[in-house]
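This briefing goes with the sequence and coordinates shown here. Please keep both in view while reading.

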Amino acid sequence: MGLLLATTRPALGQFPFPIPKPSIPIPQLPSSIPQIPIPDLTKLLEGEAPVSTSFSDTKSKTSLSLQFDSKKFRPLTELPRSSKGGFLLRPGLFELFVQSYCLKAGTHGPSKGNGYLYAALKGSKAGIVRKILQNSARYPEIKQEDIQMLLWAITARTKISDTRPEIQQVAVKLLTSDEIFKLNGGTLGLIPKQAFVQATAHLPPVVQQVLQAEARIREMLTSTAGTTYQQLEQIAVLVGEPKKDGPTISPEQWSLHPQGFYVRYLPTGYNKTLIQLYVPDNFKVKAANKNQPDKTLLIAQNNDAGYNPAGDVAVPGDTGRQRLGMSGRPADGGTPPSGSSGQPSEAPSGSSSGQPSGAPSGSSSGQPGEAPTQQPSSTTPRNGNTLNQIPGSPSKREIFCNPSVRAALDRDWQATRKDNLERGRWVVWNSATGQFTTTNVIVGSPGAAVALGNTPSDVNGSYVVGVYHTHPPVNDEPGSVAVLGPSPFNDIVHADRRQIPSLVRDFSDESKTRVIDYLYGPNHRGEAQPGDTAKTNVIRQSLNSCSD
């Protein structure tokens, strides 16, 4: 399981393999070769590193020290995903065990008791490194060791066209020809030992150690002697404890991620890391003008709400320890659920109650004797799951106060109260007769949300105009946060993106004494959701309001 991004796979025909070297005539050397001065390498070695992320890039002042019961963490893969493959977050505790990568050769690997903080990926080759980490999830057949060797080649400033064939092959799969061309610029060849010592003598010992490791890696990766991965690993990942030269970070320390949630990293060696997320209900965004109040935003309203761990860097306090690059690729080497195109489809939102919308649904015929609603191909143009406006379409009140819709909703609510399972249906309106029907009921699995699937098709003047679902009386999902009414992270976003009038039946208070209907989404099909924020357009309605 992991993250798949909608990136274009570079065709192997774009860049021949092995990567060609330019044909340059080599003149005959004279019998007596004059002494050629070694150029000053200091500026090149002190320039921006391919990956320059350091502890100074962390936001240690905004970190928190928190303890949670490990049993309350839910798999991150249970959450729905955005169109770009990112996980759509909601309040709760989540985790994902991923393959991680060494981004700082010549330093010590993780050890027990050391914490890591979040930092953004920076450096002259940061974009290319991020692309490799993101694309790794698309190619489970590529060994993690081969991807790591490519990353070591990049961080050591090795010309890719000089590396061994297997490394070139990985580069061709994960990168475009233009990106490989850029990698071959600003690289270092094999530097004479004396010149290297002179150029690095003034640098701190830890920096010298890193540069020496990179120089050795360049030599080994371009050698025809057949260097093994284990030999490279011995140079890149040092054993034992480094000399302490930075702050102590507790493993219980959580970093504030730029997207508004908290994250921590628990490595198992340098090549596997457990990423854990703590997602609060909301987060504050500082106002641009100090005279204005800070704005509280829902995570789902953040443009970057789809969380993709690929490219995040876990940074230790000690400079002598590894910086770890995260991927979206699971540690066991499997691939995440995705569409047949290899790109993740946007998971439909089913419901909330702090439960994941990506959970599998249960029976699609929860009411015995009910015939399923026929849903043939659409004859009305619309943008996939997003509805378009239909002249004369009914309002939310007309939809959810219709007697046949009301009767189906009442039956589903009674069934939900009995078995604690979510239920949902789509509402269809016949524009010729004005009649309303509902699709066959869809029932969620125990401890999970109902997954309603794609918006049904419109056909022959019958249009999908609404959707409803029920919330169970007891939220029995470990690690979830109970939400009364529509979840701002699934339900409201679902209604807003699909532009569909929506309803959820739920309790109005924590004591579970009063049942109400929550109406949200646009007033008519295909309208943009009104209000300054999606959350303001929620109407609480008593069960007898339709008779008022």
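The points below cover the chain as a whole, then helix packing, one arginine and the cysteines.

The model is a predicted one. Its protein chain holds 11 helices and 22 strands. Of the 548 residues in the chain, 52% are buried. Among contacts between residues at least 6 apart in sequence, 76% join residues at least 24 apart.

- Helix α2 spans residues 126-135, and eight of its 10 residues are buried, so the helix is largely enclosed by the rest of the structure.
- The buried residues are Ala126, Ile128, Val129, Lys131, Ile132, Leu133, Gln134 and Asn135.

**Packing of α2 with α3**

- Two packed helices are described by the angle between their axes and the distance between the axes.
- For α2 and α3 the angle is about 180° and the axes lie 11 Å apart.
- An angle over 145 degrees counts as roughly antiparallel, and α2 and α3 are therefore roughly antiparallel to each other.
- On the α2 side the contact is made by Ile128, Val129, Ile132 and Leu133, and on the α3 side by Ile147, Leu150, Leu151 and Ile154.
- The residues of this contact divide into eight nonpolar, no polar and no charged.

**Packing of α3 with α8**

- Helix α3 (residues 144-155) also packs with helix α8 (residues 229-236), at an angle of about 50° and with the axes 11 Å apart.
- The two helices, α3 and α8, are therefore oblique to each other.
- Their crossing, that of α3 and α8, is left-handed.
- From α3, the residues Glu145, Gln148, Met149 and Trp152 meet Tyr229, Leu232, Glu233 and Ala236 of α8.
- The contact of α3 with α8 comprises five nonpolar residues, one polar and two charged.

**Arg164**

- Arg164 sits in the loop between α3 and α4.
- Is Arg164 buried or exposed? With a relative accessibility of 9%, Arg164 counts as buried, the cut-off for buried being under 20%.
- Which residues is Arg164 in contact with, leaving aside its neighbours within four places in sequence? They are Met149, Met220, Leu221, Ser223 and Thr227.
- Met149 is also one of the α3 residues that meet α8.
- Ser223 is 59 residues from Arg164 along the chain, and the C-alpha atoms of the two are separated by 7.6 Å.

**Cysteines**

- The count of disulfides comes to one.
- The disulfide is formed by Cys401 and Cys546, with their sulfur atoms 2.0 Å apart.
- The angle about the S-S bond is -80°, and the link of Cys401 and Cys546 is left-handed.
- The pair links distant parts of the chain, 145 residues apart: Cys401 lies in the loop between α9 (396-400) and α10 (403-419), and Cys546 in the segment after β22 (539-542).
- Cys546 has a relative accessible area of 25% and is partly exposed, whereas Cys102, at 0% relative accessibility, counts as buried.

How values were computed: Residues are numbered from 1 along each chain as its sequence is written. This is a predicted model: local features need pLDDT of at least 70, side-chain atom pairs count only at pLDDT 80 or more; totals for chains, interfaces and linings use all residues. Side-chain values use heavy atoms; hydrogens and water are left out. Axes are lines fitted to C-alpha atoms, for helices over the stretch in contact, and angles run from 0 to 180 degrees between N-to-C directions. Helices (H or I, at least four residues) and strands (E, at least two) are DSSP runs, numbered from the N terminus. Angles under 35 degrees count as roughly parallel, over 145 as roughly antiparallel, 65 to 115 as roughly perpendicular and the rest as oblique. A crossing is left-handed if the near helix is turned anticlockwise from the far one by less than a right angle, and right-handed if clockwise. Contact means heavy atoms within 4.5 Å. Ala, Val, Leu, Ile, Met, Phe, Trp, Tyr, Cys and Pro count as nonpolar, Asp, Glu, Lys and Arg as charged, and the others, Gly among them, as polar. Buried means under 20% relative accessible area, exposed over 50%, partly exposed in between (1.4 Å probe, protein chains only). A disulfide is a pair of cysteine sulfur atoms within 2.5 Å.
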